Amino acid sequence: MQIDILTLFPHMFDGFLEESIIKRAIEKGLVKINIIDFREFSTLNNHQVDDTPYGGGAGMVLRCEPLVAAIESVRKEDTLVCLMCPQGKKYTEKKAMDLATKKHIVLVCGHYEGFDERIRSFVDEEISIGDYILTGGEIPAMAISDSVIRLLPGVIREESRSFDSFMNGLLDYPTYTKPREFRGLEVPEILLSGDHKKIEEWREKEAEKKTKEKRKDLL
Ligand SMILES: C[S@@+](CC[C@H](N)C(=O)[O-])C[C@H]1O[C@@H](n2cnc3c(N)ncnc32)[C@H](O)[C@@H]1O
């Protein structure tokens with residue numbers, strides 16, 4: 001899979017690409033990530049990419065030309081271009097699973113006051129990571145890339161994510177590690193029993209209980 005990220009702040013991705021699971025996925029060739037500075041596509045003096053809004057108002061608005069030129073430079077026949085936008089459809093694990101089946105996705109990061117409205121005619125989808133406003137689309141692009149990459153075959157073992165929250169409509173079951181007792185809080189006895197069938201049943205029940213308590217809307 002290839003992910004191209006269009007941004008004005010390429011260095012924000014340095015840590016993201018150079019640590020842990022994402023780094024290993026890149027090294028193993030399971031994903032290719034290109035960080036593209038769309039300022040380079042501006043033909044204006046000083047590579048200007050934004051301007052004041054028509055009609056007045058606060059802040060700067062990203063111009064269409066450099067963004068569209070950057071999108072067109074990477075778009076292929078099977079590309080899906082997604083605009084990072086708080087007005088977009090809310091991102092979910094289901095959407096991550098859908099994106100993980102694509103060959104090539106492009107994530108477009110806004111900044112400042114946002115985009116010239118006409119940019120919407122040049123993208124395929126708009127994605128929001130939640131009902132709050134960030135300073136730019138870089139964190140949403142990282143969140144989306146991370147959640148997609150961990151689903152790609154070979155990135156992490158399938159069994160270690162098969163019970164993750166949202167994978168089967170439930171939250172994950174409770175997990176514990178050593179020590180057996182921490183400040184008076186004990187590990188449930190069943191997990192120490194060695195009876196794998198009973199442990200499995202307990203985990204199923206606990207996942208349902210947790211989901212009912214915390215996220216009834218999922219049931
Ligand atoms: C300060 S925001 C602009 C918000 C815009 N004025 C609005 O209210 O819709 C700048 C950029 O950050 C990104 N962004 C901010 N919050 C986001 C969110 N919740 N989901 C996805 N992208 C977001 C978008 O790319 C957006 O264009």
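Colleague: Which strand gives the most to the shell around the ligand?
Modeller: Strand β5, residues 79-90, which supplies four residues. Keep in mind that this is a predicted model.

Colleague: And which residues come nearest to the ligand?
Modeller: There are 20 residues around the ligand, and M84, G110, G114, G137 and P140 come nearest.

Colleague: How many of the shell residues are nonpolar, polar or charged?
Modeller: The shell has 10 nonpolar residues, nine polar and one charged.

Colleague: New topic: helix α3. Which of its residues are buried?
Modeller: In α3, residues 64-74, the buried ones are P66, L67, A70 and I71. Viewed down the helix axis, they fall within an arc of 130 degrees, so they line one face of α3.

Colleague: What do those buried residues pack against?
Modeller: Strands β1 (2-7), β2 (32-37), β4 (61-62), β5 and β6 (104-108).

Colleague: What is L67 in contact with, leaving aside neighbours within four places in sequence?
Modeller: F38, L62, V108, F115 and I119. L67 is also among the residues with the most contacts inside the largest nonpolar core, along with L6, C82, M84, L107 and V108. That core has 35 residues.

Colleague: Which element gives the most to this core?
Modeller: Helix α5, with five residues. Elements that each supply at least two include α2 (20-27), α3 and β5.

Colleague: Last one: how is the chain divided into domains?
Modeller: Domain 1 covers 2-149 and domain 2 covers 163-218. Their C-alpha centres lie 37 Å apart.

How values were computed. Residues numbered from 1 in each chain as written. Predicted model: local features only at pLDDT ≥ 70, side-chain atom pairs only at ≥ 80, totals over all residues. Near = placed C-beta within 6 Å. Nonpolar A, V, L, I, M, F, W, Y, C, P; charged D, E, K, R; others polar. Domains from an automatic or database assignment. Buried ≥ 20, exposed ≤ 12 C-beta atoms within 10 Å, placed from the backbone. Arc of directions from axis to C-beta. Contact = placed C-beta atoms within 7 Å. Core = buried A, V, L, I, M, F, W, Y, C linked by C-beta atoms within 7 Å.
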